[in-house]
Amino acid sequence: MTISLQLDAVSGESSTRRALSDISLAVAKSKKIVVVTGAGISCSCGIPDFRSSDGLYSLVKQRYPDIVMKGRDLFDSSLFRDSASTSVFYTFISQLKRSIDAATPAPTHRFIKTLDTKQKLVRSYTQNIDGLEERIGLRGSSSQQAKISGKKKSKLKVKEVRNVQLHGDIHRVRCTFCSAEMPCTEEHLHAFENGKAPNCPECTSRSEARVARSARALKIGTLRPAIVLYDEPHPLGDDIGTIQAMDIARKPDILIIMGTSLKVHGLKKLVKDFAKVVHATGTGTTPNGTPKVQKSWQGKVVFVNKTPPGSEWSDIIDYHVAGETDAWANKVLEDWKKMRPSDWEVQQTLDHTDESNGFKVVKDTITKTKGKVAPKRNINVENVPLDDPFSSRPASPSKKPVSVPSSPSKRRQSASHYSDVESSPRKRRDIAKIADGMDRLDMSDRCILFADATNAAKNAGGDDLVTGELQPPKVKVRRTSASVVSKECKPRSRNTAKSRVEVWVEIGKRPNIS
């Protein structure tokens with residue numbers, strides 16, 4: 001059952017004031033709002049609507065008394081069948097376009113923009129062709145910036161469209177033959193005022209190009225306002241259907257209908273689809289099986305218009321606010337600011353760093369986050385090889401020591417795989433055996449160890465003996481392969497399976513001090 005509220009009687013009845021305040025609070029708390037508007041929101045801008053006593057239909061009868069046309073016939077697609085009705089249509093559209101150019105957006109338009117700025121607006125759907133929403137920053141579906149160039153299935157950038165123009169845009173013209181669209185210029189308006197339609201420049205250029213190469217000329221279409229008339233398909237009908245399906249899937253909280261009489265069949269279906277979803281918002285069951293309780297501000301369908309809706313909307317529209325849309329929009333914003341002032345707070349930033357103005361930055365603050373914070377990674381030591389442990393160069397003082405991870409699998413391998421620290425287990429065992437053998441050597445006497453048995457047999461005279469100098473006890477271990485031994489040390493047999501590894505040991509005997 002629809003509840004009627006008189007906007008002018010706010011100061012009188014307490015129940016009316018309470019109900020209007022509840023609607024304002026619902027708008028303030030809601031996060032997903034769908035707005036549907038008609039010609040009534042532009043009346044205060046100087047643009048007459050269609051069905052009131054001072055609307056556009058009445059003005060047409062006054063200007064063309066000899067032409068027997070109903071108001072609906074002026075925006076019906078059948079008018080193009082008669083040249084007289086077509087001339088009347090073009091003349092009337094030119095005057096309407098000039099009145100729209102002189103108009104300015106109303107408070108209702110700014111209210112819709114505020115909802116979008118506060119990230120509460122799902123999308124706006126309008127029957128208007130004036131394009132005033134575009135002036136306040138709501139990109140329309142007829143805008144050139146919202147269209148996709150190229151041969152694609154979709155013609156609109158859905159995410160960029162904030163205002164769906166259900167009946168087109170009077171600020172653009174479209175060719176009746178090639179469907180090319182372009183902005184409506186003063187030249188086009190001058191032709192429309194005389195009751196004539198200008199030729200399409202796209203068709204003209206293609207035809208002239210064919211004639212220049214001695215080909216048959218093409219048909220040239222005429223330009224008409226890019227608006228959608230009654231019983232005429234919308235050029236972007238598929239894309240608008242996709243946008244509506246996406247918005248219904250988002251499950252809006254509130255549906256606001258302003259300035260329309262809800263007489264057009266397509267708009268009636270759109271409103272009913274959205275109202276069904278809005279009423280079901282917040283209901284159902286949780287994953288645990290318990291029923292959900294709808295919040296007090298959810299599931300509201302609000303209709304703001306001078307005239308009440310028909311009886312068919314009694315179970316669809318929850319509230320009818322009788323009055324001007326601008327007055328209701330201003331009241332909602334005032335109540336919103338009183339009820340939730342935090343929504344209107346703007347964070348101020350300091351652009352001037354001079355201390356003479358009384359402000360001084362003392363300390364940079366760090367935002368605290370819940371949970372364990374990961375340590376900050378030092379980008380200066382990322383992907384830098386470790387210092388060679390056998391290098392004789394001193395470590396750079398600017399480099400910080402890198403801690404070795406506890407897990408062997410996470411340790412960074414050194415630049416050289418010959419390192420004794422990070423070598424394989426087998427190599428470490430071999431080094432340990434050599435060190436153990438060195439500990440067992442008898443260091444009491446000074447002795448000489450030959451490098452190779454073959455070398456010892458060849459040099460029986462001891463010419464190539466390696467002798468050590470008399471110095472403090474010192475052990476030097478040097479590992480070499482067979483390839484670095486001199487030619488005299490190479491084995492004579494070439495059938496050796498693998499090269500041997502020789503160890504040179506020089507042992508110096510401690511001098512006797514008498």
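Student: What counts as a helix here?
Tutor: Helices are DSSP runs of H or I with at least four residues, numbered from the N terminus. The model is a predicted one. Helix H5 covers residues 132-135, and Glu 133 lies in it.

Student: Is Glu 133 buried or exposed?
Tutor: Buried means under 20% relative accessible area. Glu 133 has 1%, so it counts as buried.

Student: What does Glu 133 touch, leaving out residues up to four places away in sequence?
Tutor: Its contacts are Thr 37, Ile 41, His 109, Thr 126, Asn 128, Leu 138 and Asn 163. Two of those names come back in a strand pairing: Thr 37 stands opposite Thr 126 in E3.

Student: How do E2 and E3 pair?
Tutor: Strand E2 (residues 33-37) and strand E3 (residues 121-126) run parallel, paired over 5 bridges.

Student: What holds strands of a sheet together, in general?
Tutor: Strands in a sheet pair through backbone hydrogen bonds, in either the parallel or the antiparallel sense.

Student: Pick a residue in H1. Where does Ala 28 sit, buried or exposed?
Tutor: Ala 28 is in helix H1. Its relative accessibility is 1%, so Ala 28 is buried. Not counting residues up to four places away in sequence, Ala 28 touches Lys 120, Trp 336, Arg 340 and Asp 343.

Student: How far apart are Ala 28 and Trp 336?
Tutor: They are 308 residues apart along the chain, and 5.7 Å separates their C-alpha atoms.

Student: What share of contacts joins residues at least 24 apart?
Tutor: Counting contacts between residues at least 6 apart in sequence, the share is 68%.

Student: What about Asn 305: which strand?
Tutor: Asn 305 lies in strand E9, residues 300-305. With 11% relative accessibility, Asn 305 counts as buried. Setting aside neighbours within four places in sequence, Asn 305 contacts Gly 259, Thr 260, His 320, Val 321, Ala 322 and Gly 323.

Student: Change of topic. What is the order in the sheet of 3 strands?
Tutor: E6-E5-E7, an open sheet with antiparallel pairing. Strand E6 (181-183) and strand E7 (223-227) are the edge strands, each pairing on one side only. The twist from one strand to the next averages 45°.

Student: How many bridges between E5 and E7?
Tutor: They pair over 4 bridges, in the antiparallel sense. Gly 168 stands opposite Ile 227 in E7, and Cys 175 has Leu 223 of E7 as its bridge partner.

Student: How many residues of E7 are buried?
Tutor: 5 of the 5, so E7 is largely enclosed by the rest of the structure. Helix H6 (residues 186-193) lies across E5, E6 and E7, at about 105° to E7.

Student: How many cavities of 30 Å³ or more turn up?
Tutor: The search of the whole structure finds 4. The largest cavity holds about 90 Å³ of space.

Student: What lines the largest cavity?
Tutor: The lining is Ser 142, Lys 147, Gly 168, Asp 169, Arg 172, Arg 174, Glu 181, Ala 226, Val 228, His 234, Pro 235 and Leu 236. By class, that is 4 nonpolar, 3 polar and 5 charged. Strand E5 (residues 168-175) gives the most to the lining, with 4 residues.

Student: Last one: how many helices and strands in the protein?
Tutor: The secondary structure comes to 12 helices and 12 strands. Of the 514 residues, 36% count as buried.

How values were computed:
Residues numbered from 1 in each chain as written. Predicted model: local features only at pLDDT ≥ 70, side-chain atom pairs only at ≥ 80, totals over all residues. Heavy atoms only, no water. 1 Å grid on protein atoms, 1.4 Å probe; cavity = no way out; pocket = protein on both sides within 12 Å on 5 of 7 lines; lining within 4 Å. Points joined across faces, edges and corners; volume = space filled by probe spheres on them. Helix = DSSP H or I, 4+ residues; strand = E, 2+ residues; numbered from the N terminus. Nonpolar A, V, L, I, M, F, W, Y, C, P; charged D, E, K, R; others polar. Pairing = 2+ DSSP bridges. Axes fitted to C-alpha atoms, helices over the stretch in contact; angles between N-to-C directions. Contact = heavy atoms within 4.5 Å. Buried < 20%, exposed > 50% of the residue type's maximum accessible area, 1.4 Å probe, protein only.
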